[in-house]
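This report walks through one structure, part by part. The sequence and the model come first, and the description follows.

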Amino acid sequence: MKFVSAAVTDAGIKKVNEDTYLLQIEETMHGTACLAVVCDGVGGLQYGDRACKYVTSRLGRWFSQISKVKFEVSTDILQQLNVEIETIHFELLRMGQDAGAKLGTTLSGILLIAGEYFLFHVGDTRIYLFTNNLRCLTFDHTVAAAKLRNGQITEKEAESGKEKHVLLQSIGVSPVLEIQNMNGHVQEGDVFFLCSDGQYNMLNIGEVEDILEEMKYMEQSDMQQTAETLVDEVLERGEKDNITAIYIKVKE
């Protein structure tokens, strides 16, 4: 597989950007592979930016190391990723205890290798996939999303209520960690979209679908320009959070 990608992060109106992303491509025994991660420092907690950078740095190092050795492409690789994430999680917990602070972040990531994708997710950052239509592959670990899944509130209430931003899961905060995993096959023309809530808050699902469909036919420079234009667009609509997005198009 080959990849065409674009990425952008912006502090927006805030002084500190507590979003961080990782977009790393490595040559492996299974061909070219891509690891993409978006982290969003948990609002209201101290050192969210440090937590984000720690997570992406550690996962980037893990990817570089595994790329140099013989390994099987199977769901076992998700288990390896989960072990690494859990290790990072407990390290952040310990670092927070030592500093008398809390280091928290969301995590949405995907590994693309040998015609497959392997997804790992905690929090309310998101991963979308456009093939012939748009799918959100992740589910939000928030109070509102949990109530929606349980039928306690409507979709409109979930989108407009304050509980939309109350996280039930994040890296480095509570001892119990639940990681959403998924894997599947990819094909030429697939477009993956990873983003923080600052990017998707001001976009409706139809707009996201149209953007990703257009990206199927774009060169890298046009993808990057579109990514940057979308940041400006959500800021003009009144977004107050940090904004981060990664776009990855699969090529044969």
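## Helix 1 and helix 2

In this predicted model, helix 1 (residues 48-67) packs with helix 2 (residues 76-99) at an angle of about 145°, and their axes are 11 Å apart. Helices (H or I, at least four residues) and strands (E, at least two) are DSSP runs, numbered from the N terminus. Axes are lines fitted to C-alpha atoms, for helices over the stretch in contact, and angles run from 0 to 180 degrees between N-to-C directions. The crossing of helix 1 and helix 2 is right-handed; a crossing is right-handed if the near helix is turned clockwise from the far one by less than a right angle, and left-handed if anticlockwise.

Contact here means heavy atoms within 4.5 Å. On the side of helix 1, the residues that meet helix 2 include Tyr 54, Leu 59 and Trp 62, and those of helix 2 include Leu 81, Ile 85 and Met 95. The residues of this contact divide into twelve nonpolar, two polar and three charged. Ala, Val, Leu, Ile, Met, Phe, Trp, Tyr, Cys and Pro count as nonpolar, Asp, Glu, Lys and Arg as charged, and the others, Gly among them, as polar.

## Basis of the description

Residues are numbered from 1 along each chain as its sequence is written. Local features need pLDDT of at least 70 and side-chain atom pairs count only at pLDDT 80 or more, while totals for chains, interfaces and linings use all residues; side-chain values use heavy atoms, with hydrogens and water left out.

## The sheet 2-3-4-5-8

An open sheet is formed by five strands in the order 2-3-4-5-8, with antiparallel pairing. Its edge strands, each pairing on one side only, are strand 2 (19-28) and strand 8 (180-185). From one strand to the next the twist averages 10°. Two strands pair if DSSP finds at least two bridges between them. Strand 5 (residues 116-122) and strand 8 are antiparallel and pair over six bridges, and Phe 120 has Asn 181 in strand 8 as its bridge partner.

Helix 1 lies across strand 2, strand 3 (31-40), strand 4 (107-113) and strand 5, at about 5° to strand 2. Helix 2 also packs on the sheet and touches strand 4, strand 5 and strand 8, its direction making about 25° with that of strand 5.

## The sheet 1-10-9-6-7

Another open sheet has five strands in the order 1-10-9-6-7, paired antiparallel. Strand 1 (2-10) and strand 7 are the edge strands, each pairing on one side only. Neighbouring strands are turned by 15° against each other on average, direction ignored. Strand 6 and strand 7 pair over three bridges; Leu 129 has Arg 135 in strand 7 as its bridge partner.

Between strand 6 (126-130) and strand 7 (134-136) is a loop that holds Thr 131. Thr 131 is buried (under 20% relative accessible area; exposed is over 50%, partly exposed in between, with a 1.4 Å probe and protein chains only), its own value being 17%. Beyond its neighbours within four places in sequence, Thr 131 contacts Gln 187, Asp 190 and Lys 216.

Helix 6 (residues 205-215) lies across strand 6, strand 7, strand 9 (191-195) and strand 10 (243-251), at about 55° to strand 6. Its residues Val 208, Ile 211, Leu 212 and Met 215 are buried. Down the helix axis, the buried residues fall within an arc of 90°, so they line one face of helix 6; the arc is that of the directions from the helix axis to the C-beta atoms. These buried residues pack against strand 6, strand 7, strand 9, helix 7 and strand 10.

Helix 7 (residues 220-236) lies across strand 1 and strand 10, running at about 25° to strand 1.
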